[in-house]
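Subject: Structure handover

Hello,

Here is the structure for you to open alongside this note. Please keep it on screen while you read.

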Amino acid sequence: MKLKSILKNTIAIGAIVSIAVNCKPDKIEENALLGILVSRTISNLASGNCAISINNTALYTGAAVSVAVGGSLDGAGANDFRTHYNAVTGKSITNLATEPYNAKYDAFFTDLGTWNDAKRASYTNTIVVFAEGGCGGACTATAPRTTLLGLKGIRGTGSLACARIPRAQCSLAGTTTANRATDITNAANVYNAYANNPDCRKTNLIANTMLNNLFKGDTTGTAIAISGGTFTNPTSNTDTNQLNTNQAILGEKMYPKFGSLVTLGFGTLMPVKVGTEAHSVTSSSLVLGANIAYTQVDSCEAIGLPSTGFTANTTTPLPLTSTREIAYALSTNGLAASAFNSAAGNTGSGYFGTQAGEDAKICNNSFRANSPPSLSLGGGKLPEINGGAGDGGQTGLLTVCTYGSTSATRNTATTGANAVLGTGALAGLAECPAAASAGAAKFGDTGLTNLSNFPND
């Protein structure tokens, strides 16, 4: 299943589960933002790979916070947070669900008077108990409760992804965006690359679609300098499904972020945090613990992971792509071609299908011709291809497996995730092989505190 399809079908928290628990490859395709797995400065790509562990408990606790922030379960004492939100923003709103997600998230983690760690923890815990207990018939939205119930089973498990990115980049600093300002600058650079490439079709529909995609989530109303003028993201572009953090630009307090994970629905994992600190959402504390870890490896194959992505359903797994193509896909030019490809297919007004595909192919090949691989990757030039993004939508960047807790728990996680997705997309869930323990990390959560019986804990 292509990620574009996953995004269309499970654009909110379901996308979290489809990648974090699904052991399937990340494919860099039509949407440029899917390619932002590492920072845009690619160096030493010929050297090694990177094993990245994700603490699945963080997805659950993050989802709980996201429900609390969203305001979609008003029957759980949401007046407390509404009062705080109004105090921070100077507003007098009565329905949190209509407010921009980013503004709510920042307000939630802003201390003001009695709104502190203990108050946040108590409120979040109330939300969890309320949602998981059936809401007493007072739920104003069913998706948040379904999501929390579906994600309960993944607590105590982890996911290990091995990516074709260099060991030199295998760190929190090397794979994340530090802050909101950097994200905005990077998005502007991607757009400018398109705007300054005469081979990429220029229409208002395409340009506006690209801008809206690249800056989705910026609710500041600030004019952003771009080639040819400025752009201000509509502040009324709110996300009515408050669990949907599938945005390019996050709230200030959600950084640092792991780029493509946000686009795939991993917004609740933010901000990313290394270490072994456990997660805790109780009436007396709110601790968002460690959620990511890095291990430099010689290759994905060296730790027992396959040289292809994972087979899901009847999909044929893709070979993990060469670093030459990865370097292009993750470059500003590659991201611009991918952004154009996505925008050209979604502008409406009759511009789609064959014409959009041909224009995207021309744009992509133009960027490829102007993106020679570095000498460390063999130099030369990238060949022309018959595709509108990357190497034609066939870029297999990583392979994933699951570990932690017990086999039965991992199976429960699959069942719960399928309940959230409703698509059976997790058929063929794979456990990490014993050799992968060399790349896995210990987190401070029950079921992830030792790796002596890997992949069980």
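Below is what was found, starting with the whole chain and then going to single sites.

This is a predicted model, so local features need pLDDT of at least 70 and side-chain atom pairs count only at pLDDT 80 or more, while totals for chains, interfaces and linings use all residues. Residues are numbered from 1 along each chain as its sequence is written, and side-chain values use heavy atoms, with hydrogens and water left out.

Whole chain

The chain holds 15 helices and nine strands. Both are DSSP runs, numbered from the N terminus: helices are H or I with at least four residues, strands are E with at least two. Of the 457 residues, 57% are buried. Buried means under 20% relative accessible area, exposed over 50%, and partly exposed in between (1.4 Å probe, protein chains only). Among contacts with a separation of 6 or more, 73% are between residues 24 or more positions apart. A contact means heavy atoms within 4.5 Å.

Helix α13

Look at α13, residues 332-344. Its 13 residues reach 18 Å from first C-alpha to last, close to the 18 Å expected at 1.5 Å a residue. The expected span is 1.5 Å times one less than the number of residues. Eleven of the 13 residues are buried. Among them are G334, L335 and S338. The cover includes α9 (180-195), α10 (204-214), α12 (323-329) and α14 (354-369).

Take α10 next. It packs against α13 at about 115°, with the axes 9 Å apart. That makes α10 roughly perpendicular to α13. Axes are lines fitted to C-alpha atoms, for helices over the stretch in contact, and angles run from 0 to 180 degrees between N-to-C directions. Angles under 35 degrees count as roughly parallel, over 145 as roughly antiparallel, 65 to 115 as roughly perpendicular and the rest as oblique. On the α10 side, I206, T209, M210 and N213 make the contact.

Now α14. Its axis comes within 9 Å of that of α13, and the two cross at roughly 175°. That makes α13 roughly antiparallel to α14. From α13, N333, A336, A337, F340, N341 and A344 take part. They meet A356, D359, A360, C363, N364 and F367 of α14. This contact has eight nonpolar residues, three polar and one charged.

Residue I52

I52 sits in strand β2, residues 49-55. At 3% relative accessibility, I52 is buried. Beyond neighbours within four places in sequence, its contacts are S159, L160, A161, I165, F258, I292, A293 and Y294. I52 and C170 are 118 residues apart in sequence, yet 8.2 Å apart in space, C-alpha to C-alpha.

Backbone points to check

- M270 and P271 are joined by a cis peptide bond, omega about -5°. P271 is in the loop between α11 (259-263) and β6 (280-281).
- F454 and P455 are also joined by a cis peptide bond, omega about 10°. P455 is in the segment after α15 (407-421).
- S405 is not a glycine, but its phi is positive, near 55°. S405 lies in the loop between β9 (395-403) and α15, and is buried at 13% relative accessible area.
- G90 follows α4 and has a positive phi, near 75°.

Best wishes

How values were computed
Ala, Val, Leu, Ile, Met, Phe, Trp, Tyr, Cys and Pro count as nonpolar, Asp, Glu, Lys and Arg as charged, and the others, Gly among them, as polar.
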